[in-house]
Amino acid sequence: MQARKKYVLLGLCASCWLLLFYWGGGVQLRLLRLLSRQRAEVVRPWPNWTDRAFLPRYAHLDELQTDPGTAESPRQRRQAWSAIYKDSRCRMETCFDFSRCRRRGREGFRVYIYPSEKNDRVSESYRKILTSIGESRYFTSDPREACLFVLGIDTLDRDQLSGQFVPNVDERIRGYPLWNDGRNHLIFNLYSGTWPNYTEDLGFNIGQAILAKASLNTEHFRPGFDVSIPLFSKDHPQKGGERGWLVRNTVPPRRKYLLMFKGKRYLTGIGSDTRNALHHIHNGKDIVSLTTCRHGKDWEKHKDARCDHDNLEYERFDYQELLHNSTFCLVPRGRRLGSFRFLESLQAACIPVLLSNGWELPFSDVVQWNQAVIEGDERLLLQVPSTVRAIGNERVLALRQRTQMLWEAYFSSVDKIVLTTLEIIKDRVFSHISRNKYMWNSLPGGLLVLPEYSTHLAHFPFYYLGLGVNPGQEFTAVIHAVSPLVSQSQPIMKLLQVVSKSKYCSQIIILWNSEKPPPSRSKWPPMPVPLTVTDGRRKTTSRFLPHVAIETEAVLSLDEDTVLLTSEVNFAFLVWRSFPERIVGYPPRSHFWDPLKRAWGYTSKWTNDYSIVLTGAAFYHRYYHYLFTHYLPQSLRTLVDRTSNCEDILMNFLVSAVTHLPPIKVAQRKQYKELPSPQGTKTVPWANPEHFNQRQECINTFTNWFGYMPLVHSQFRLDPVLFKDQVSVLRKKYKDLERA
């Protein structure tokens, strides 16, 4: 009986185990098979901790307490974006008509601005943008020549609550015959969306247009098509702009404060999380992080327990004093991803520490921002102080220097922001003659490097030092002749003999700008180097044309009445080979500020201080011929041709704007005197008082176009070795420089 019960009990246990295996284990096996099949279809590697896209977002308490109706999920944001920008997959190859730009070859990049309609409201910032395009070398008033089109409608502020908002844009642009769903159009925008979420909704369909936008999100940025631009204020200067605040070779590289921020704190809505947490890193000593609730109309209704204390602490520090004396500057996001603090930090050489996840940085296609900023993470705010403390002094100095380069090259004025945008698009259109990253991220910056001249770094004088390249060992002399040849004793005949005897002279080009036709070759003296006479078409600026005949890197520019010795020419050329990016020559001049007239003045007095070396006897690189002709506006060149004056001053302005350095004066015989004009020739121009007055006016006209005074004063002069020593004349290489 006992045995029977035992067998029955064992049978029941076995049945239970079978049921458990069938209902439990079988289901688990089926689930495992299903999961393994899905994993075979999609293999998802474990995300790297450095990949910010996979970092979890931990909600703050105040986030959990916010109204769920005001928050958008990532899917909702993507759906909203796709509804607004239906051509989100646009690229240059699919949404841009290259044929419009290649009808005229290299000259085909022209920009047309739609005429503004009556009663159109245009903000000050958009007016500056249109002015920059209209005054650029790319502007055309003929839409048939245009490669790119810019709306006359102000699209900068698309916040419906703003007074600058322009309604009915969609209906208006669809009525333009040239709109073509936005193809080959460029749209500028600084502010998009409105309270409370500030989405990137522009309020109209941009179609296939290129978007030049501030606060662009990386999720919505179309690489190689859109252009991210910086957020700038309405007071941002049209031209020039202020220089950066970093003094060369500032030692020590660190300042009084390690890290600073002073700005608004948002109590609710988007952008409030980051700024609400900034007080955690404030210590009032080397880290100053200040926020205030006192902004907006209803701030007192939403104030929290910290507001009063924050407002008091906020008033203790001056923003400009902090900006001038901080090594790092926090740049947290505001309502939108971009912030005015970004450009302010760049100018102040205060290294920006970005706290704006997902922000596509300005001009990210070409600028290497890792050399100028620190990219933080909004969710890892408490790690920022230890991160910036760990950066060494050499790295700090390098970062600060790069902020200055980028500020002055691309961001100091609306002109530079707009032209950088156009040049980036132009490089995409003509990709075979475009700048490389090195050109964009090294001095003097991409705007002053014209790829039509060359795409090889070794062809530009300002890259020689970094590349270890030595300039060529020969030069081409270009003599500007305006007087007819009536006598073999004219100064130009002796000048030809002197220059041709130089062992470094490769050829001589006479630029004939006289009213009478040039004499035959037999009238010129025999010389050991080739002589070419070129028609200058009676234009003063023709002396700086990029003549094909100039094959050497060095150009010796000479007036027909210049008096020099061969040894002086040789010495100046050897000096130029050490400074190939500058003008090196003999006759100095200077500029000064006249406080009574509140204008710049020009002086020809011989003093130890100078800022101009006249191109009547000077060496420079031939690239400046190309830059003079293709970079400077036609209006300035027309002024020079109309007055037959100031071309030498304009060339000095240009070279100093490129290098931020003064020209170099070399030793010249003290006995040099201006010779009287021979009979039958015109009197020298500087004998006319009107000539000097014109040069005064030119100085101020050129300054207005550049937006600042680029000329730099110097007291530096180079003399030959042993020039003044009381030793045997036979030991002196340039002994002729001492003779009377």
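Modeller: Start with the labels. A helix here is a DSSP run (H or I) of at least four residues, a strand (E) is a run of at least two, and both are numbered from the N terminus. The model is predicted. Its secondary structure comes to 22 helices and 21 strands.

Biologist: Where does Pro444 sit in that scheme?

Modeller: In the loop between helix H15 (437-440) and helix H16 (464-467).

Biologist: What is the peptide bond from Leu443 to Pro444, cis or trans?

Modeller: The general idea comes before the case. Most peptide bonds are trans, and most residues other than glycine have a negative phi. The bond from Leu443 to Pro444 is cis, with omega near 5°.

Biologist: Which residues have a positive phi although they are not glycine?

Modeller: Take two cases. Ser644 has a phi of about 50°, and His660 has one of about 60°. Ser644 lies in the loop between H20 and H21. His660 lies in the loop between H21 and strand E20 (664-666).

Biologist: Is Ser644 buried, exposed or partly exposed?

Modeller: Use the cut-offs: buried is under 20% relative accessible area, exposed is over 50%, and partly exposed is in between. Ser644 has 49%, so it counts as partly exposed.

Biologist: Why is Asn570 classed as buried?

Modeller: Because its relative accessible area is 13%. Asn570 is in helix H18 (residues 566-578). Beyond its neighbours within four places in sequence, Asn570 contacts Ser502, Lys503 and Tyr504.

Biologist: And Lys733, buried or exposed?

Modeller: Lys733 has a relative accessible area of 59%, so it is exposed. Lys733 is in the segment after strand E21 (717-718).

Biologist: What do the totals for the protein look like?

Modeller: Of the 740 residues, 52% are buried. Now take the contacts with a separation of 6 or more: residues 24 or more positions apart account for 75% of them.

Biologist: How should I read the buried side of a helix?

Modeller: An α-helix has 3.6 residues a turn, so residues three or four places apart point the same way. Now look at helix H5 (residues 124-134). Its buried residues are Ser125, Tyr126, Lys128, Ile129, Leu130, Ser132 and Ile133.

Biologist: How do I read a helix pair? Are H20 and H22 roughly parallel or antiparallel?

Modeller: Read the angle between the N-to-C directions. Over 145 degrees counts as roughly antiparallel, and 65 to 115 as roughly perpendicular. Helix H20 (residues 634-643) and helix H22 (residues 689-706) pack at about 175°, with axes 11 Å apart. They are therefore roughly antiparallel.

Biologist: Which residues meet between H20 and H22?

Modeller: From H20, Leu636, Leu639, Val640 and Thr643; from H22, Gln694, Cys698, Thr701, Phe702 and Trp705. By class, this contact has 6 nonpolar, 3 polar and no charged residues.

Biologist: What about H19 and H21?

Modeller: Helix H19 (residues 623-630) and helix H21 (residues 647-659) cross at roughly 105°, and their axes come within 11 Å. That pair is therefore roughly perpendicular. H19 brings Tyr624, His625, Leu627 and Phe628, which meet Glu647, Leu650, Met651, Leu654, Val655, Val658 and Thr659 in H21. The contact divides into 8 nonpolar, 2 polar and 1 charged.

Biologist: What lines the largest cavity?

Modeller: Arg582, Ile583, Asn652, Val655, Ser656, Thr659, Leu661, Pro662 and Pro663. The volume of the largest cavity is about 40 Å³. Its lining has 5 nonpolar, 3 polar and 1 charged residues. Val655 and Thr659 are among the lining residues, and both also take part in the contact of H21 with H19.

Biologist: And which residues line the second largest cavity?

Modeller: Phe221, Asp226, Val227, Ser228, Phe363, Ser364, Asp365, Ile424 and Arg428. Its volume is also about 40 Å³. Strand E5 (227-228) and helix H14 (414-429) each supply at least two of the lining residues. The classes are 4 nonpolar, 2 polar and 3 charged.

Key. Residues numbered from 1 in each chain as written. Predicted model: local features only at pLDDT ≥ 70, side-chain atom pairs only at ≥ 80, totals over all residues. Heavy atoms only, no water. Buried < 20%, exposed > 50% of the residue type's maximum accessible area, 1.4 Å probe, protein only. 1 Å grid on protein atoms, 1.4 Å probe; cavity = no way out; pocket = protein on both sides within 12 Å on 5 of 7 lines; lining within 4 Å. Points joined across faces, edges and corners; volume = space filled by probe spheres on them. Nonpolar A, V, L, I, M, F, W, Y, C, P; charged D, E, K, R; others polar. Axes fitted to C-alpha atoms, helices over the stretch in contact; angles between N-to-C directions. Parallel < 35°, antiparallel > 145°, perpendicular 65-115°, else oblique. Contact = heavy atoms within 4.5 Å.
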